[in-house]
Amino acid sequence: PLRELWINLLKVSHNIIINNKSYAKWFLQGVLAADGCPVFSRGKLSGVMVRIENQEEGELYQSAFRTVGISANVSVKHRKVSFYGYSQLQKASEFELFKLHKERNEKFKKGLLNRKLKE
């Protein structure tokens, strides 16, 4: 029942979220606190991934990322929305997208700093 409520809430709020950069930021902060994680490859921060349940949810997340200037990809098959690349990660940092989850935020910031120092 909670999942259905969440999906219905997303349907109603879709236009509000994607038409306002501040709302998109706040929405994504909540999404990443609940279902997002920094992705590391060989110890290096390479991207960010968010778990999704269906295409509709993925498209909303993708649209919200686009609103804040991040190019994200939806993979329904792998049940995720993700983005990669230093410039995309830098934008996520600017918008403090992991702000609401202390451990993930620290991991993300440390990974981004280490990546910047190595490049």
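Begin by selecting R79, which is partly exposed, with a relative accessible area of 39% (partly exposed lies between buried, under 20% relative accessible area, and exposed, over 50%, with a 1.4 Å probe and protein chains only). The model is predicted, so local features need pLDDT of at least 70 and side-chain atom pairs count only at pLDDT 80 or more, while totals for chains, interfaces and linings use all residues. Residues are numbered from 1 along each chain as its sequence is written, and side-chain values use heavy atoms, with hydrogens and water left out.

R79 sits in the loop between β3 (73-75) and β4 (80-84), where strands are DSSP runs of E with at least two residues and helices are runs of H or I with at least four, numbered from the N terminus. Its phi is positive, about 55°, although R79 is not a glycine. Most residues other than glycine have a negative phi.

Next, select E96, in the loop between α4 and α5. E96 also has a positive phi, about 50°, without being a glycine, and is partly exposed at a relative accessible area of 37%.

A cavity is a set of points on a 1 Å grid over the protein atoms alone where a 1.4 Å probe fits but cannot get out, and lining residues have an atom within 4 Å of a point. The largest cavity has a volume of about 40 Å³. Finally, colour α4 (86-94) and α5 (102-118), each of which supplies at least two lining residues; α5 gives the most, with 3 residues.

Definitions and conventions
On a 1 Å grid over the protein atoms alone, a cavity is a set of points where a 1.4 Å probe fits but cannot get out, and a pocket is an open set with protein on both sides within 12 Å along at least five of seven lines; lining residues have an atom within 4 Å of a point. Grid points are joined across faces, edges and corners, and a volume is the space filled by probe spheres set on the points.
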